[in-house]
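Hi,

Here is the structure I promised to pass on to you. Have it open while you read, and my notes on what turned up in it follow below.

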Amino acid sequence: MLLSLLPFYPLISFLLIIFFKKQLSWLQTSVLSVGAMLLCTITSLVLLNALNSAPDGVITSHLWRWFSLNNGDSFASVNFAFYLDALSAVMICVVSGVGFLIHLFAAAYMKNDENFGRFMAYMNLFIVAMLILVLADNLVLLYLGWEGVGLCSFLLIGFWYQEKANVLAARKAFIVTRIGDTSMAIGLFMLFNSLGSVNILEVSDLATAQWQIGNNDAYWICLLLLGGAVGKSAQLPLQTWLPDAMAGPTPVSALIHAATMVTAGVYLIARMNALFILSPEVMNYVAWVGASTLLLAGAASLVQSDIKRVLAYSTMSQIGYMMLALGAGAWSAGIFHLMTHAFFKALLFLTAGAVIYALHHQQNIFKMGGVLKRLPFESGLFIIGLICLMALPGTSGFFSKEAIIAQLWSSPTAGQALWWCAILGALLTSIYSCRLFFIAFLGKERFSHQVENSSSKLLKIALLTLACLSLVGGFMAPELGQVFALNSSDIIPGKDPSWLHTVAIATPFIGIGFSWFYFKAYRGTDLQVFTKAEKNSSDNPVSSFCLSGLGFDRLYSILLIKPFVFIARLNRRDVVDQTLMSVTWYVGLWRDVLVFSQNGFIRWYAAAFALGLVFFIGGWIL
Amino acid sequence: MTAIPLEHVLILACILFYIGFFGVVVRKNTLFMLMSLEVMLNAVGVAFIGAGSVWQQADGQVMFILILTLAAAEVAVGLALLIRLQQRFKSLDIDCLSQSKG
């Protein structure tokens, strides 16, 4: 019963706010939206608790039958039904818990925005869609949530719609993820066509029973589903939308583009693990997609000058880790990293938001500097976020990232090359984190404005809670063994060389040590260094290449956009158009003739009678 | 008395009819159009008289008297209309008076 209520709290709040946003004051709107999220959080925790005592570790809730599909010999009904197991329980806790804290932060952060009501309403709607996505018991309902979060992402990126760049970013995010969504929809059609069901459990059972490993259908379906996941999770090659999506308000970046929505792709693959196990090739592709995104995004993150873009590329690279884990069959580790990443990346984004707010919307790190002294509270929390991101021992990031890296070496679908990629990625992570910290927080102040210290309690509570979660999240590892009973990990413990762990643990420290000396100048007081560095990043071909997201935007512009626009321009006078135009021309011609004949001159009519009579008699005689 | 052949009568009737019709189509002045209509009616009357004399029947002459009365009535109504038109629009130009343009 509780389960079926879960998405309705934010839905009701959304409806109330969107209809009465003019009448509601800031306090009322905040209480409504944040209160709904608080209810969600409490319900999620109660459900998590109830799950322990539930039979089979599963709670289901059937609301109503949505429609039914004819699959040849019978009807497969598509229900509006929720299915809660350990995996979705982790997801609802992350979505509602982190969502609640971000709502709390947003209520304070967006207080002075004139469209505050609309903002909170969309945030609530996003939570509704996300909860439906993770709770859906069939793939069609999951797809509803999937499209719902895409819509909310679009609406919230373009929240400040008066600025053209925001609108363009929103459109780009929508269109690029649509490519993935289309691929996923085709995958679902194929799945229904070959198995005759869309229910996730049934599909998993049928697939395991009917298909051998390496089945051709499974290969194509998994590949298409991977396409959907890649689009939503901003992985190579559909990653270009995420950095631009930072145009939205900072709470949106934290909620949608770091903690929850972008991990939907990871959830999808984990949810369909029974299918993915049947096609090891696709698992291998997943791992390689993850690894290449991890490295490329890490490299791009090294040269960014916008604090939010640094974090955006970092998000891409961390999701790359999750993909890598899924590809290696380390399902639990991937989901664990999803959870811890949601905590610390939300923390990073929110503190970055607080810093940006305090510095009067200054996002360029080269124009910050010395923030540590001026904003010690925010900076301290940012450091906590960064050490989790770098996975220093003891933090949550450490537990989850080490869990992933440990399973790569001898995984049948990953292997040693991918292990080295992950290590290199960890090194890059610590280097770009240090660079960000040194440039923005150490050194001498490079901003002229007065620091605007926000004393809002809501803000601080949200940030502190997230910081605590980031630190201790590592001890809350979810028990997912039952969900991934079909786990393909035939990893024999003890086979791995013993130095692997040492290397993995030492890597972030090597990164920190390297950056301590390499970025020495950034810690200094010489202002020349920064202007030079900023100029260098746009002049140097290598770094400007990285700055522009490794040239993917330009590549897609040449490969896809320009030809498409060219064809569209050619097609403006196409054949179909011409055929239709000839009909209108013909009708228009007759219209002109008839209008000419109806000129209103009696004498012309008389002449026409006579002429008609002549024709008539002439025809009769001849 | 030499009989006039029917062909001559009919040719005369046709010529008169065409002259009348031509007048109706070409003339702009409504008065002249009315006069042309009279000519056309008379052309029909000539054809009736000619046909009546060929068949030695009185019907043709009866028809002509009917047409004559019809023409008289038509002229009476037509002239009354013309006087009203002249009063109201200060013109008898049929094209200026046209209000039925499609």
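**A loop to start with**

Let's begin with A:Ala234, which sits in the loop between α9 and α10 of chain A. Please keep in mind that this is a predicted model. The phi angle of A:Ala234 is positive, about 55 degrees, even though the residue is not a glycine. Is A:Ala234 buried or exposed? With 29 other C-beta atoms within 10 Å, A:Ala234 is buried, because 20 or more are needed for that label.

That loop between α9 (216-232) and α10 (241-244) of chain A also holds A:Pro237. The peptide bond that joins A:Leu236 and A:Pro237 is cis, with omega at about 0 degrees.

B:Lys90 is another residue other than glycine with a positive phi, near 55 degrees, and it lies in the loop between α3 (59-89) and α4 (94-97) of chain B. B:Lys90 has 8 other C-beta atoms within 10 Å and is therefore exposed, since 12 or fewer counts as exposed.

**Chain A as a whole**

Zooming out, chain A has 28 helices and 2 strands. The C-alpha trace of chain A spans about 115 × 65 × 50 Å along its principal axes. Of its 622 residues, 50% count as buried. Among the contacts in chain A with a separation of 6 or more, 81% are between residues 24 or more positions apart.

A:Ala173, in helix α7 (residues 164-195) of chain A, gives you an example to click on. A:Ala173 and A:Leu242 are 69 residues apart in sequence, yet their C-alpha atoms are 7.0 Å apart in space. Not counting residues up to four places away in sequence, A:Ala173 touches A:Ser153, A:Phe154, A:Ile157, A:Trp241, A:Asp244 and A:Ala245. A:Ala173 is buried, with 26 other C-beta atoms within 10 Å.

In soluble globular proteins, nonpolar side chains tend to be buried together. Here, the largest nonpolar core has 210 residues, and those touching the most other members are A:Phe126, A:Leu324, A:Ala346, A:Leu347 and A:Leu350. Which helix gives the most to this core? That is helix α4 (residues 86-109) of chain A, with 19 residues.

Take A:Ala346 as a place to look around. Leaving aside neighbours within four places in sequence, A:Ala346 is in contact with A:Val98, A:Ile102, A:Ala254, A:Ala258, A:Ala259 and A:Leu466.

**Two helices side by side**

The crossing of α18(A) and α21(A) is left-handed. From α18(A), the residues A:Leu381, A:Ile384, A:Gly385 and A:Cys388 meet A:Leu463, A:Ala467, A:Ser470 and A:Leu471 of α21(A). By class, this contact has 6 nonpolar, 2 polar and no charged residues.

**Where the chains meet**

Finally, how many residues of chain A are in contact with chain B? There are 10, and they meet 9 residues of chain B. Helix α28 (residues 602-621) of chain A supplies the largest share of chain A's side, 5 residues. That side of chain A divides into 6 nonpolar, 3 polar and 1 charged.

Happy exploring, and do write back with any questions!

Technical notes. Residues are numbered from 1 along each chain as its sequence is written. Chains are lettered from A and ligands numbered from 1 in the order in which they are written. This is a predicted model: local features need pLDDT of at least 70, side-chain atom pairs count only at pLDDT 80 or more; totals for chains, interfaces and linings use all residues. A nonpolar core is a set of buried Ala, Val, Leu, Ile, Met, Phe, Trp, Tyr and Cys residues joined through C-beta atoms within 7 Å. Helices (H or I, at least four residues) and strands (E, at least two) are DSSP runs, numbered from the N terminus. Two residues are in contact if their C-beta atoms, placed from the backbone, lie within 7 Å. A crossing is left-handed if the near helix is turned anticlockwise from the far one by less than a right angle, and right-handed if clockwise. Ala, Val, Leu, Ile, Met, Phe, Trp, Tyr, Cys and Pro count as nonpolar, Asp, Glu, Lys and Arg as charged, and the others, Gly among them, as polar.
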